Amino acid sequence: MKHIANTRFGTVEYHPDKVIFFVDGLIGFEDLHEFIVLPQKKEGPLFWLQSIENPEIAFVLTNPADFFPDYRIAPDKNDRIKLHLSETDGYLLLSVVTVRPDRSITLNLAAPVLMNPDKRFALQAVLEKGGFSTKTPLPQTVAANG
Amino acid sequence: MLVLTRKKDEGIIIGDSISITIVDIKNGQVRVGIDAPADTRIFRRELYEQIKQENLAALAWKPEDLETLATTLSSSGTTR
């Protein structure tokens, strides 16, 4: 059975089986746990992650590996427990996208989203080490081609 | 805010499961040891605030951004 969620952009239908549970919420949004991924009109590398609990809250996510092939972040032991991931289970690594007022794009590589795609648990990890920026511009080649 | 004065090797207990120890004090810096359950999230506050601000900034997108960006990015990102 379909459910209806309100969003900043109108109402959307979703299937309750598709709800993703953010164990700790996202940083600054710890009270929001349930999100849905909404389909795009065009094929592409961006996902729209909509809070079910607060219509105003919607993030854009992308796969950072498309732009930063060397950026490999794995869930640590505690992350795996929270995500209900076994040692061998696969996971998704995603980045929160910011569209800046000048319409340039940055990725938050300092706080990636880790997701268990099968059981639909997710969390936003905070990388203390590695020197990653919360405002990482897309690589020059990408920007130039675009 | 509760303010407590502690010396080196002294500590503070918070609730049933969090214990904080002052490990060292020198050159205007304090080293703090924290014992807490594994699922307790612990952050340096400035990093937490930075990520929170970035998450807030990330909410400002418009639906038309998605379409434009999808076109731009899919034509230029490397494929795996």
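**View 1. A:Thr106 is tucked away as a buried residue, with a relative accessible area of 6%.** Keep in mind that this is a predicted model. You'll find A:Thr106 in strand E8 of chain A, which covers residues 105–116. Its side chain makes a polar contact of 2.6 Å with the side chain of A:Arg100. Skipping the neighbours within four places in sequence, A:Thr106 also has contacts that include A:Val96, A:Lys135, A:Pro137 and, over in chain B, B:Glu54.

**View 2. Here A:Phe22 and A:Phe35 form an edge-to-face ring pair.** Searching the whole structure turns up eight aromatic pairs over all chains. In this one, the ring centres are 5.0 Å apart and the planes sit at 65°; that angle is over 60 degrees, so we call the pair edge-to-face. The pair links distant parts of the chain: A:Phe22 belongs to strand E3 (residues 20–22) and A:Phe35 to strand E4 (residues 34–38), 13 residues apart. A:Phe22 is buried, at 0% relative accessibility, and A:Phe35 is buried at 0% too.

**View 3. In chain B, the rings of B:Phe43 and B:Tyr48 make a tilted pair.** Their centres lie 5.5 Å apart, with the planes at 40°. How accessible is B:Tyr48, buried or exposed? B:Tyr48 has a relative accessible area of 19%, which is under 20%, so it counts as buried. B:Phe43, at 26%, counts as partly exposed.

**View 4. A cluster of rings brings together A:Phe9, A:Trp48 and B:Trp61.** Ring pairs are what link these residues. Look for A:Arg8 as well: its charged end sits over the ring of B:Trp61, 5.8 Å from the ring's centre.

Methods. Residues numbered from 1 in each chain as written. Chains lettered and ligands numbered in written order. Predicted model: local features only at pLDDT ≥ 70, side-chain atom pairs only at ≥ 80, totals over all residues. Heavy atoms only, no water. Helix = DSSP H or I, 4+ residues; strand = E, 2+ residues; numbered from the N terminus. Buried < 20%, exposed > 50% of the residue type's maximum accessible area, 1.4 Å probe, protein only. Polar contact = N/O pair within 3.5 Å; in protein donor to acceptor, adjacent residues only side chain to side chain. Contact = heavy atoms within 4.5 Å. Phe/Tyr/Trp six-rings, centres within 6.5 Å; stacked < 30°, edge-to-face > 60°. Lys NZ or Arg CZ within 6 Å of the ring centre and 35° of its normal.
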